[in-house]
Amino acid sequence: YKRQGESLAFRLVDLGDWDVWVEGPRPTPEGPRSGSSGFEPVHMKIAVDLETRDPDFEARAEIECVAEQSGRRVLPFDLTMALDVVEVTDPDGHPLPWSRDGGRTLVLLPAPTVAGEPVRIVVHYRGDLLYETRPGSFLSRSTIGWTPRIGTVGRASYDLRFSWPSGLDLVCSGTPVEDGKDDGREFVRAVVDVPVLGVSFELGKFDFFTDTLGPTTIVLALPSTGSRIAPADDIRAVVKLALAYQQRWFGAYPLERLTVAFVPRSSSQGALSFVTMSEGLLREPGSGLYVTGRRALPRELLRTDLFATLAHEIAHQWWGNRVGWRSGRDQWLSEALAEFVEERFLRDVLEIDARDLAERAEWAKRGYESATGLDRPPHAYGPPVLGVRLDSTLSADAYRGVVYDKGSTVFT
């Protein structure tokens, strides 16, 4: 695409929408091997200062990685585009050259790597990460992308310190080991001492309820305003039941603390030690935050939907976190297993009537078919191993239909 030797700056995307994926081994002198960034994280120590005005976020991350290959000079990491990289240094403070393109930052190391040896860098970054949804309630523009993301497997332990203005509450991943006030600001230090895919936090105003299950402290953080379709004691009891049920299946929960926080976001997420639930699950349809497909749910099944989502996200303490995926072809197992556990919990522990379960499955199916906009069954979009690649020009929601609905039946 050149005319008279002059580039027309033609891009493939200019041809329209493409549904093309390529996967294969990368050739090396030792033979074919799967793709790799050349580094995997080991530990991150991150200090974060939060404000209620822009710029509202500033952090310093001390990162320890291990080199998977020898001869690498460039260390790549990803960071949400809501945040700007200010400086990258070695642990002694000597600046390292770096460049950024979109969300990817490339750091030039002072010497080639040696496979198996540690690599350490320090990243200083800031930006506008938070937005206020109502007075005193803030949401992050990226729940786990606010930490530098490194590697293919990408799991590390964390030492986190947050500082924020007084008058607000902060909940986060990990087990708190220190908290208090410093110069009129609140602070907490929390640690996650097992490798995890990511860590998160929420800033707002909460009512707190606590319980214990063996050595584990359960913390429930509910919004301090608004009505609830279930009382706090019921929600806390279901969290405890779900955690006990899944420990019998999958083994002991690996941490001392599990925090479950309800926030004004339209989706829920289960990071290890920190579950965030959509606040819309607490509300009557039409009176609170919209949750996809929930307006069609009969009123008598709203509590069932809330409790099912709790069980699903708690299942991610094991599937997707304690046990991760090595490649994109394995990622479907995380959601499919969590969905399978959710269905078993409703049936075996909460003893939800089979007719109610069938009705709930039917409205979910109708919502999926409506979202896809095509008259075809979920399996027609491809196998679960395609993962997020199921979403294409054929359907923007095939991933959910195939991985959640079809994937869970694999284990039935």
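Mentor: A crossing is left-handed if the near helix is turned anticlockwise from the far one by less than a right angle, and right-handed if clockwise. This is a predicted model, in which local features need pLDDT of at least 70, side-chain atom pairs count only at pLDDT 80 or more, and totals for chains, interfaces and linings use all residues. Residues are numbered from 1 along each chain as its sequence is written, and side-chain values use heavy atoms, with hydrogens and water left out.

Trainee: What is the hand of the crossing of α1 and α2?
Mentor: Helices (H or I, at least four residues) and strands (E, at least two) are DSSP runs, numbered from the N terminus. Helix α1 covers residues 232-250, and helix α2 covers residues 302-315. Their crossing is right-handed.

Trainee: Which residues of α2 make the contact with α1?
Mentor: Contact means heavy atoms within 4.5 Å. From α1 come Asp-234, Ile-235, Val-238, Val-239, Ala-242, Leu-243 and Gln-246. From α2 come Arg-303, Leu-306, Phe-307, Leu-310, Ala-311, Ile-314 and Ala-315.

Trainee: Which strands stand at the edges of the sheet, each with a single partner strand?
Mentor: Two strands pair if DSSP finds at least two bridges between them. The open sheet has 5 strands in the order β17-β18-β19-β21-β20, with mixed pairing. One side of each edge strand is left without a neighbour in the sheet, because each has a single partner; these strands are β17 (206-213) and β20 (269-271).

Trainee: Which residue of β21 is the bridge partner of Ala-261?
Mentor: Strands β19 (residues 257-263) and β21 (residues 274-278) pair in the parallel sense over 5 bridges. In β21, the partner of Ala-261 is Thr-276.

Note on methods. Axes are lines fitted to C-alpha atoms, for helices over the stretch in contact, and angles run from 0 to 180 degrees between N-to-C directions.
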